[in-house]
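Please look at the sequence and the structure shown here, and keep both in view while reading the report that follows.

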Amino acid sequence: MQAAERKERIMANGMGTDEDVIRAVIDRQFASLSWDESIAPGWDDFVGDFLDGASLYPAARPARRISVVDFVERMRGLSRTSLRSLQETVLGTDICVFGNIAIAAVAAEMIENSAETSRSMEMLLLVKSQGQWKIVAQAWDRANEANPLPDALVSGVTSR
């Protein structure tokens, strides 16, 4: 089932397990950061999945916290200049829910300007607040030969 279809099914009837709803949040996150000449970025969808005050920790080291608003502003600027297209794809997820808290590990692939492909591992911490799952923190790191994506998350993908 396509991500959009899954999201529509879950949101239309209010049904679905917590894992289904969290997968829909993850799918929306990655889709909102995909754009090209014909598709605009979904900044509002991206921001809407975070709890106020959420923290992001990009792959650059040393680790440095960035706010969701600052991240969006940076990406918005790049989308107008050097990053004319970005395609983000979820390769695999592992979600663990306990009551109103959850963690999600997401293996992802990014294609920048229809040319440069990279992969990353993203970790999300989520809380269920007022009946909705929200991201409270997200950190990611780049995958490479020395630091490959976990086999369990990319078993259907030919190259890590």
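Arg119 is buried, because its relative accessible area is 15%, which falls under the cut-off of 20%. This value, like every other one in this report, is computed from a predicted model. The side chain of Arg119 meets that of Glu109 in a salt bridge, with a distance of 2.6 Å from N to O. The two residues belong to separate strands, since Glu109 lies in strand 4 (residues 101–112) and Arg119 in strand 5, and they are ten residues apart. Glu109 is also buried, with a relative accessible area of 16%.

How many salt bridges does a search of the whole structure find? The search finds four, and the pair of Glu109 and Arg119 described above is a salt bridge. Side chains of opposite charge can pair when their charged atoms come close.

Another salt bridge joins the side chains of Asp18 and Lys128, at 3.0 Å from N to O. Because Asp18 lies in helix 2 (residues 18–32) and Lys128 in strand 5 (residues 116–129), this pair ties together parts that are 110 residues apart in sequence. Asp18 counts as partly exposed at 23% relative accessibility, and Lys128 likewise counts as partly exposed, at 30%.

Arg28 forms a salt bridge with Asp49, and the closest N and O atoms of this pair are 2.6 Å apart. The pair links distant parts of the chain, with Arg28 in helix 2 and Asp49 in the loop between helix 3 (43–48) and strand 1 (50–57), 21 residues apart. Are these two residues buried or exposed? Asp49 is buried, with a relative accessible area of 5%, and Arg28 counts as buried at 16% relative accessibility.

How values were computed:
Residues numbered from 1 in each chain as written. Predicted model: local features only at pLDDT ≥ 70, side-chain atom pairs only at ≥ 80, totals over all residues. Heavy atoms only, no water. Helix = DSSP H or I, 4+ residues; strand = E, 2+ residues; numbered from the N terminus. Buried < 20%, exposed > 50% of the residue type's maximum accessible area, 1.4 Å probe, protein only.
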